[in-house]
Amino acid sequence: QRRVHGDDRLEKTKMQHLTQGARLLASRARHAFQPSSFGCGPVQVQKRAASTALPADVSGLDKPYDSEFDKYRVRATPENEGAREESRANVYLTLGGSRMIFASAGRLAVMKFIASMSASADVLALSTLEVDLGSIPEGRNVTVKWRGKPVFIRHRTAEEIHDAATVAVSELRDPQADEQRVQKKEWLVVLGVCTHLGCVPIPNAGDFQGYFCPCHGSHYDISGRIRKGPAPLNLEVPEYKFLTEDKLLIG
């Protein structure tokens, strides 16, 4: 009998040890897989009970859930239909008028901006120059100032016109025929600025009796074309037109 009781106690002790070991393993497993072990902290779950309770009587409400703006709404009734139409017309009129005012203001601002970019009257006056050709005798060269630059105006003789026309264009550094540089054969109009370094040539000088730049020795012929020296291009021809037989407008 004692041996039986001893065996029973031994079995119970084994079962207790097994139960405690299982609990310890389960506790360690829960601790290993907790969110805090991964650095994100414990997860709190909040439970709420959904309420589906509705008012006992909703027959007196326009909607089951009226908002705070219901008291500002105007209900459509035959009595206030005219007032509603008048209010709508006032709203449309106000919006339309505001848009027209803003559009006009924007248009005015754009026009002022464009006008501010255009040249003023005094600048426009300096941009053109009117020259009286009747005071320039044949064979003479006069120098006028236009936009801060000298302009050579030469009244050429028949011999000078012939010499300029008979030059072999293919032999020129900047090939250009005489008729391409003048509007009237007897009048030559060119800028008095050397195309080398911007010096002012001397009229009626040089190897070709046209224009000569003494700074670096550029020689131009009677048509203002470069014939000798370091200048790479012919003298520039400005924009001009003849107003009358004796009136020239430069610019």
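Both faces of strand β4 are covered: W187, V189 and L191 on one side are buried, and so are L188 and V190 on the other. Buried here means under 20% relative accessible area, with exposed being over 50% and partly exposed in between (1.4 Å probe, protein chains only). Strands (E, at least two residues) and helices (H or I, at least four) are DSSP runs, numbered from the N terminus. In a regular strand the side chains alternate between the two faces of the sheet. Strand β4 covers residues 187-191, and five of its five residues are buried.

A quick word on the model: it is predicted, so to speak of local features takes pLDDT of at least 70 and side-chain atom pairs count only at pLDDT 80 or more, while totals for chains, interfaces and linings use all residues. Residues are numbered from 1 along each chain as its sequence is written, and side-chain values use heavy atoms, leaving out hydrogens and water.

Now look at the partner of β4. Strand β3 (residues 149-155) pairs with β4 in the antiparallel sense over five bridges; DSSP has to find at least two bridges for two strands to pair. Within this pairing, V151 stands opposite L191.

V151 also turns up in the largest nonpolar core, where V151, L133, I153, L248 and I250 touch the most other members of the 14. A nonpolar core is a set of buried Ala, Val, Leu, Ile, Met, Phe, Trp, Tyr and Cys residues joined through side-chain atoms within 4.5 Å. Strands β2 (141-146), β3, β4, β9 (240-242) and β10 (247-250) each supply at least two residues of this core, with the largest share, three residues, coming from β4. A second, separate core of 12 residues includes L188, C213, I226 and A231.

Next comes helix α4 (158-165). Its buried residues are E160, I161 and A164. Seen down the axis of α4, they fall within an arc of 100 degrees (taken from the directions from the helix axis to the C-beta atoms), so they line one face of the helix. What covers them includes β3, while the face turned away carries the exposed residues A158, E159 and H162.

Between α4 and β4 runs a loop, and D174 is found there. Leaving aside neighbours within four places in sequence, D174 is in contact (heavy atoms within 4.5 Å) with I226, P232, L233 and N234. D174 and R227 are 53 residues apart in sequence and 8.8 Å apart in space, C-alpha to C-alpha.
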